[in-house]
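Colleague: I am new to this structure. Please take one part and go through it closely, and show how the rest connects to that part.

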Amino acid sequence: NTRIVLASRPQGPVKPDNFRIETVPVPAPGDGEVLLKILFLSLDPYMRGRMDDAVSYAAPVAVDGVMEGGTVAEVIESKHPGYKPGDIVLSHSGWQSYALSDGTGLRKLDPDAAPLSTAVGILGMPGFTAYAGLLTIGQPKPGETVVVAAASGPVGSTVGQIARIKGARAVGIAGGADKCAFVRDELGFDVAIDHRAPDFAEQLQQACPKGIDVYFENVGGAVWDAVFPLLNTFARVPVCGLIAQYDGLDLSGKDRLPALMRDILKKSLTVRGFIQREFIDQRPVFLETMSGWLHSGEVKYREDIVDGLTNAPEAFMGLLKGHNFGKLVIRVA
Ligand code: NDP
């Protein structure tokens, strides 16, 4: 059994000596277990985060532990009533050629339904990420402009194609001419832009003459810098990934944006601006409810009343410094 373990945690970008290749005996299944032969191992950006000893939505890989990862495997020996040799399963067996499983988290795959590797790609975690993130948070509508980076990869390529299916314009961002040609000509995005071009930000602006309605965030960094000035009012930004800042970027610097974006992502924060007028149809209910709360004493209020209109300028300047205490009102007459 060949396996790849985390030899040490990266200091900055990952290096080859953070990994170690080991050869160990193939394990024998105990009661209730199956022995899996790994056919495909998925490599995904999130694995970089698992190499760090940082609090995340999932535990880090232990030093000397097998690198984790999604896998497609064949059952070659079974002491589990639900599986027999020859069964093909989706598992999370990590970077190794054989693994034991007690069945937890295994899902049987139909080898005739689709090529097996798609279970860790378009029909697996990345495809589902694109589908769920775009449709739940992005909610693209016909005629809208959807922008996504890493557009030739499993998530981005799927985002753009679903956007097109939903009648939106898809603008893909990718690295280099070959990837851009693929995104445009094979995947059918309306436009593809190379984020390494010196005039990338201008090209993006030209590609989005009506602004951006959905930005599916996969990368962060310079791409986000070019995107956010183009966002339209009521634009949606599913924050899915920030690969530009995964590999050793120091998030404690003076620029707090990378750390904020990381927290928005890993804590699934909803950050939505609003101007109260957009909710104006709630006002009748508000008036009735708030009047009731005032009447019952459940809600209190405090006013800071200043006499005389000519005192308004000074009172107003004080408001900006915190000199008022409660709702500032001028008694004019
Ligand atoms: P990809 O296979 O597309 O690989 C990542 C790509 O990102 C690279 O090929 C590269 O493409 C691009 N990239 C890397 N660095 C930069 C950079 N500095 N600026 C711009 N682009 C860069 O990845 P996936 O499709 O698997 O994942 C895409 C994103 O989705 C990742 O951020 C990942 O972490 C995230 N993700 C999030 C999930 C979630 O549940 N939130 C689940 C799955 C994925 P190019 O050469 O075109 O620039």
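Modeller: Two residues are in contact if their C-beta atoms, placed from the backbone, lie within 7 Å. This is a predicted model: local features need pLDDT of at least 70, side-chain atom pairs count only at pLDDT 80 or more, and totals for chains, interfaces and linings use all residues. Residues are numbered from 1 along each chain as its sequence is written.

Start with Pro10. Pro10 sits in the loop between β1 (2-6) and β2 (19-23). Helices (H or I, at least four residues) and strands (E, at least two) are DSSP runs, numbered from the N terminus. Leaving aside neighbours within four places in sequence, Pro10 is in contact with Lys15, Asn18, Met51 and Gly248. Is Pro10 buried, exposed or partly exposed? Pro10 counts as partly exposed because 16 C-beta neighbours lie inside 10 Å. The cut-offs are 20 or more other C-beta atoms within 10 Å for buried and 12 or fewer for exposed, with partly exposed in between.

Now go to Asp190. The C-alpha atoms of Pro10 and Asp190 are separated by 39 Å, and the two residues are 180 apart along the chain. Asp190 lies in the loop between α4 and β10. Asp190 is partly exposed because 16 other C-beta atoms lie within 10 Å. Its contacts, leaving aside neighbours within four places in sequence, are Arg169, Ala170 and Val171.

Two strands pair if DSSP finds at least two bridges between them. Here 5 strands form an open sheet with parallel pairing, in the order β10-β9-β8-β11-β12. β10 (191-194) and β12 (231-236) are the edge strands, and each pairs on one side only. Neighbouring strands of this sheet are turned by 30° against each other on average, direction ignored. Axes are lines fitted to C-alpha atoms, for helices over the stretch in contact, and angles run from 0 to 180 degrees between N-to-C directions. β8 (145-149) and β11 (212-216) pair in the parallel sense over 3 bridges. Val146 stands opposite Val214 in β11. α3 packs on the sheet and touches β8, β9 (169-174) and β11. The direction of α3 makes about 170° with that of β8. α4 (177-186) also packs on the sheet, touching β9 and β10. The direction of α4 makes about 170° with that of β10.

Next comes the antiparallel sheet. Another 5 strands form an open sheet in the order β6-β3-β4-β5-β7, with antiparallel pairing. Its edge strands are β6 (98-101) and β7 (107-108), each pairing on one side only. β4 (71-78) is joined to β5 (88-91) by 4 bridges. Val72 stands opposite Leu90 in β5, and Glu74 has Ile88 as its bridge partner there. β5 is joined to β7 by 2 bridges. Lys108 in β7 is the bridge partner of Val89.

Finish at the ligand. A residue is near a molecule if its C-beta atom, placed from the backbone, lies within 6 Å of it. Of the 25 residues around the ligand, Gly153, Val155, Gly175, Gly241 and Ala244 come nearest. α2 (125-138), α3 (154-165) and α6 (221-227) each supply at least two residues of the shell. Domain 1 (2-120) and domain 2 (128-266) each give at least three; the bounds come from an automatic or database domain assignment. The shell divides into 14 nonpolar, 9 polar and 2 charged residues. Nonpolar means Ala, Val, Leu, Ile, Met, Phe, Trp, Tyr, Cys and Pro; charged means Asp, Glu, Lys and Arg; the others, Gly among them, are polar.
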